[in-house]
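Here's a friendly walk through a protein model for anyone meeting it for the first time. Have a look at the sequence and the structure, then read on.

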Number of protein chains: 4
Amino acid sequence: MISVAVAGASGYAGGEVLRLLLGHPEVRIGALTGGSNAGTPLGELQPHLVPLADRVLEPTTAETLAGHDVVFLGLPHGQSGPIAQQLGDDVLVIDCGADFRLTDASTWERFYGGDHAGSWPYGLPELADQRAALTGAKRVAVPGCYPTVSTLALAPAVAAGLVDPAALVVVAASGTSGAGKAAKPHLLGSETMGNASAYGVGGVHRHSPEIVQNLSLLTDETIRVSFTPMLVPMPRGILATASAPLVDASTDAARAREVYAAAYADEPFVHLLPEGQWPTTKAVVGSNAVHLQVTVDPDSGRLVAVAVVDNLAKGTAGAAVQCMNIALGLPEATGLTTVGLAP
Amino acid sequence: MISVAVAGASGYAGGEVLRLLLGHPEVRIGALTGGSNAGTPLGELQPHLVPLADRVLEPTTAETLAGHDVVFLGLPHGQSGPIAQQLGDDVLVIDCGADFRLTDASTWERFYGGDHAGSWPYGLPELADQRAALTGAKRVAVPGCYPTVSTLALAPAVAAGLVDPAALVVVAASGTSGAGKAAKPHLLGSETMGNASAYGVGGVHRHSPEIVQNLSLLTDETIRVSFTPMLVPMPRGILATASAPLVDASTDAARAREVYAAAYADEPFVHLLPEGQWPTTKAVVGSNAVHLQVTVDPDSGRLVAVAVVDNLAKGTAGAAVQCMNIALGLPEATGLTTVGLAP
Amino acid sequence: MISVAVAGASGYAGGEVLRLLLGHPEVRIGALTGGSNAGTPLGELQPHLVPLADRVLEPTTAETLAGHDVVFLGLPHGQSGPIAQQLGDDVLVIDCGADFRLTDASTWERFYGGDHAGSWPYGLPELADQRAALTGAKRVAVPGCYPTVSTLALAPAVAAGLVDPAALVVVAASGTSGAGKAAKPHLLGSETMGNASAYGVGGVHRHSPEIVQNLSLLTDETIRVSFTPMLVPMPRGILATASAPLVDASTDAARAREVYAAAYADEPFVHLLPEGQWPTTKAVVGSNAVHLQVTVDPDSGRLVAVAVVDNLAKGTAGAAVQCMNIALGLPEATGLTTVGLAP
Amino acid sequence: MISVAVAGASGYAGGEVLRLLLGHPEVRIGALTGGSNAGTPLGELQPHLVPLADRVLEPTTAETLAGHDVVFLGLPHGQSGPIAQQLGDDVLVIDCGADFRLTDASTWERFYGGDHAGSWPYGLPELADQRAALTGAKRVAVPGCYPTVSTLALAPAVAAGLVDPAALVVVAASGTSGAGKAAKPHLLGSETMGNASAYGVGGVHRHSPEIVQNLSLLTDETIRVSFTPMLVPMPRGILATASAPLVDASTDAARAREVYAAAYADEPFVHLLPEGQWPTTKAVVGSNAVHLQVTVDPDSGRLVAVAVVDNLAKGTAGAAVQCMNIALGLPEATGLTTVGLAP
């Protein structure tokens, strides 16, 4: 059995990692740690994780996390670097935070501030040659939820040169769990129910440069993307609507579908829907699946793709477990499912 | 492998049975049938069931359902009887509908109208000696969702004689999926979001006599229960608040907890929460778990218990799979989990 | 014009008072105060109150509130007393908090702790002779939201002696705004959406003694009520399900309706629905209306009544404005409506 | 008093017209008509409209609608034309449907099918010289909800030549009431709660050409817009995210704000939020307000604007009442408010 520790077990990312690990046949769950919640039984904080209800959170330190084969970090950004440094190079460390996602130090500083901790193999196996890079890796940076869905929505079109990569537009609607479990007034149920809002508008969201970095792996041309996130009244799920001008006006929907079908033919978690069927977030809730669809709008001369993921699953914890499987040489889908929870 | 057919695969009960069976290691999914949806690929109707997306629904007939070890029926009430009669006695038939729940013909006629089809072993293993009755059974009537949660909330108190069984009050809030997938104006999202409503008030809901029937197994005294269901804005989950006058005013919360703890000590799916923690429906969504808590209110002289289930899981399809396991002699929890999906 | 100040303008109660006052033809809105939000433009905190967007919150002190005809207090409990003492006896002070609701000091101390500040005329004009007590009053204690709807659901039955007043049961489902705007993890949208939970179970909710106090005005017998509140996923609205054993088993639904119709015949805001129609919270959102329905369940021998209010409107701010109108001798419905916002 | 009839009083548009008219001081509500609901008391269908609860719906015919000063039509598209023809030229007819919105017959036929009924003065007073065209008009075509918010989000930028009008992108998230009250399975609460979905993707939504038509009034250049609507889990509200490439890369956010501020300086219902504050749909629910914000993203070289309306209010019924006021020479804001209902 693989021994696993989870830092940040009281948060949404940590809780979802645990939910998935409880169904993973090769894993034994070891230390669970929390920040201000250290000392509290997990059952008070994550009542849905019944088999772990009596486990008491320990403080998040290198000591409590030591002695496991795998450590998942679900920590606020800036906290993963120091902890990871103290964990041995033989431990597989999977960071659900942002610390090691960006390769460019100046971009890190511009969007996050502070010193750049470096970059780790990027946990999006479906992108370029990342799956190979993840195999046998001892450090994994799990992608942001918006970059995952945005990248997968646009990658085939960019890679195939169907669209102008300097005029990409992504508008993505996210459930509220993407904002984490820290209590802030604008995230109260009274504020979020019945309410849609845009935020981080104008290219200032921290996930913008990550999308650019990902798509830049697929073309020599400059990537420019206008990314706008929205908060909508649901706990989980992201729906990304992505569009870009066609390079060749004669590209039609059938051609676009061909390109997408080919790109994802061998991907176990990416599901191109039948023609005419459009993605719904609920179909992927709780699963590691990505559903997508693509078409062409001849009037506006744009390709339009729509993709959905569960922000906590394939968007965070599911990707983390998928990457653990790859890194350790287990079958990639172990402990994961493409079956969502609906209605 | 056990070969299984599902009638009514396009509905909520049928879809949830399939979701669970896709994770069941001993099962091979055979025929899927629908009424007006026959001929349609399941992927259009249940997009969350990706592995079955290309399976086309067949008509619901004895022929299409024949040749399987187990048949699950997720049909409108009144339709299970005729189909079941045509399925061999060696087939395990599990009815998620109401046709075979009530033992008393006149009660059936009063609440459902039409002829009483009879009664089958009742699929609530946690009640009285039902687990024994289900072992090796070839016919199972899955309980209604409200009766499941209401019965489990009150059974220990009634069985132990803590409360007056003639003055039981249950008020239960249900998510909308309990009302099924047939499109009715009052069930539209525009009507149900932001809205709570009571219905079936005054003892007229069809689940009232089923609660009475269940609790009557636990005492020689007459059971009288005032049951009021409410619709609240969530897709899944039921929270039942149950109370009854104490027989002995000196019964305190600690004694009530003792009784409940003892009653459910060996039940794999019933989870009495730690003192002071009250159930939330989200903690059980997608799982077969029942969470409950009990206390005593000395001012009003009543015992108050609160229980939650996922109406589609332990409230319907999870119970159905649990009963299949029992009937076939498999470990009772095969393919089921106590881990909910939250947030 | 009547000059009005609102203390606690950044909270839900204060915001709703302002929303209503903006439609009140006799009122000029003066000082707006906040606690930690003093110095912030109201538009950042209450973006729906466009005409007041540029108004900057002042600190909540007797000085900033002085010089107005009416002062509404929307403050955490314990804070209204000291402020009110410093406002002149000629100022109409309307407290949306709990400080002056309970008449009995020991009950106050048991449920709230600390010293009892006293009691003021109770702002439920529909109860007993409260309307007369409010006419010309200079101090008004606005009722709690649960007590308003629970009292109105049971009052006619108790007053007419239809039911046993020592065996009342109320289960009430509330939207999240009843819990206020202070950010707490369990009130996050991610936690509350898709989730129903009971809390304050076993007679310990602070609104329990207020319901008892109200109904005790209607009978010489002892009132005992088992009150259980629930949180359900909607921002506004309360639905209370109330039941009690019939004194005379021959009382039928028609007789119960007669009693309720007579009790509320002259009430401008209480609307007994036509026979067979049950209340929905959405029908009263934003309005000062109370919708209710009553029936009898012969099987359980209980009368069952269901009532709904908007917890922030008739449940708090609407009642406050209604009481202001009564206290000042204005037509009672000025600035208020029975028309809800739906869907 | 102005005598008003409402056709389609049982639907969402008709119900919202009535909600607003009940607060309009110059109006007397006359005939209310319905299709299949004729003969039913309005209280069963629209329980929030208490003052009209006892009014019984008449059939929708020219006879029942005759004899009023104003007739509002809230009918499925294709039904307004025949009715309107039978109403006298002296009656003000305000169509909330689509029949008379598009000026180009071939566009009508492409998107709606069937014969083009013609076009009426377009009820978006904030657009170009429409306010003048509406003054004294006897026929008004109320805009679609998406075109209203999309047009207002982009109009200042297009009119001022800040952006390339051939590369506009709008992604708009709508509440479910925009889809109407007809019961369809995908609009059930069980399906829509917790779910976001895109639909009408690729330029095929009927509101696409209406947006093009509107913005074409502001420039001689060709308008091309990629419009993607989304359904999100809320009953009311639309949030539109609109972007377009800057013509001049030196245009900054301050300049964009200047242009928007100037464009809407005199508009009573359009509210440009303070710098840094982004719109939320909840702030406009129930009101006729439009909230918007604009910025510039130098990295992608695009202007990004976000606007919100209540789809039923300013997006339909509020606009209808606003146009009635203009057409009849009443103050434009009579019976309308900029104050939303939140939380």
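## The annotated cysteine

Let's start with a record: an unreviewed UniProt entry lists A:Cys145 under "active site". UniProt positions are given in the numbering used here, feature names are shortened, and annotations may be inferred rather than shown by experiment. A:Cys145 sits in helix α7 of chain A, residues 145–159. (Helices, H or I with at least four residues, and strands, E with at least two, are DSSP runs numbered from the N terminus.)

Is A:Cys145 buried or exposed? With a relative accessible area of 11%, A:Cys145 is buried; buried means under 20%, exposed over 50% and partly exposed in between, using a 1.4 Å probe and protein chains only. Leaving aside residues up to four places away in sequence, A:Cys145 touches A:His207, A:Ile238, A:Asn311 and A:Gly315, where contact means heavy atoms within 4.5 Å.

## How to read the numbers

This is a predicted model, where local features need pLDDT of at least 70, side-chain atom pairs count only at pLDDT 80 or more, and totals for chains, interfaces and linings use all residues. Residues are numbered from 1 along each chain as its sequence is written, chains are lettered from A and ligands numbered from 1 in the order in which they are written, and side-chain values use heavy atoms, leaving out hydrogens and water.

## Where chains A and D meet

Chain A brings 44 residues to its contact with chain D, and chain D brings 44 residues too. Between them they bury about 3400 Å², with carbon and sulfur atoms giving 59% of that. (Buried area is the accessible area, with a 1.4 Å probe, that two parts lose on being put together, summed over both.) A:Val201, A:Lys282 and A:Asp299 supply 14% of what chain A buries against chain D, more than any other three residues.

A:Asp299 also pairs up with D:Arg110: their side chains meet in a salt bridge at 2.7 Å, N to O. A salt bridge is a side-chain nitrogen of Lys or Arg within 4 Å of a carboxyl oxygen of Asp or Glu, and the count between chain A and chain D is 2. On the side of chain A that touches chain D, β9(A) has the largest share, with 4 residues. By class, that side of chain A has 21 nonpolar, 15 polar and 8 charged residues. Here Ala, Val, Leu, Ile, Met, Phe, Trp, Tyr, Cys and Pro count as nonpolar, Asp, Glu, Lys and Arg as charged, and the others, Gly among them, as polar.

## Where chains C and B meet

Over at chains C and B, 44 residues of chain C are in contact with 44 residues of chain B. This pair buries about 3400 Å², 59% of it on carbon and sulfur atoms. In chain C, the residues losing the most area to chain B are C:Val201, C:Lys282 and C:Asp299, together 14% of what that side buries. There are 2 salt bridges between chain C and chain B; B:Arg110 and C:Asp299 form one through their side chains, at 2.6 Å, N to O.

Which bond joins A:Ala342 and A:Pro343? A cis peptide bond, with omega about 0°. A:Pro343 lies in the segment after α11 (313–328) of chain A. In chain C, the peptide bond from C:Ala342 to C:Pro343 is cis as well, with omega near 0°.

A:Ala128 has a positive phi of about 45°, although it is not a glycine. A:Ala128 lies in the loop between α5 (105–112) and α6 (130–134) of chain A, and is partly exposed at 46% relative accessible area. In chain B, phi of B:Ala128 is positive too, near 45°, and B:Ala128 counts as partly exposed at 44% relative accessibility.
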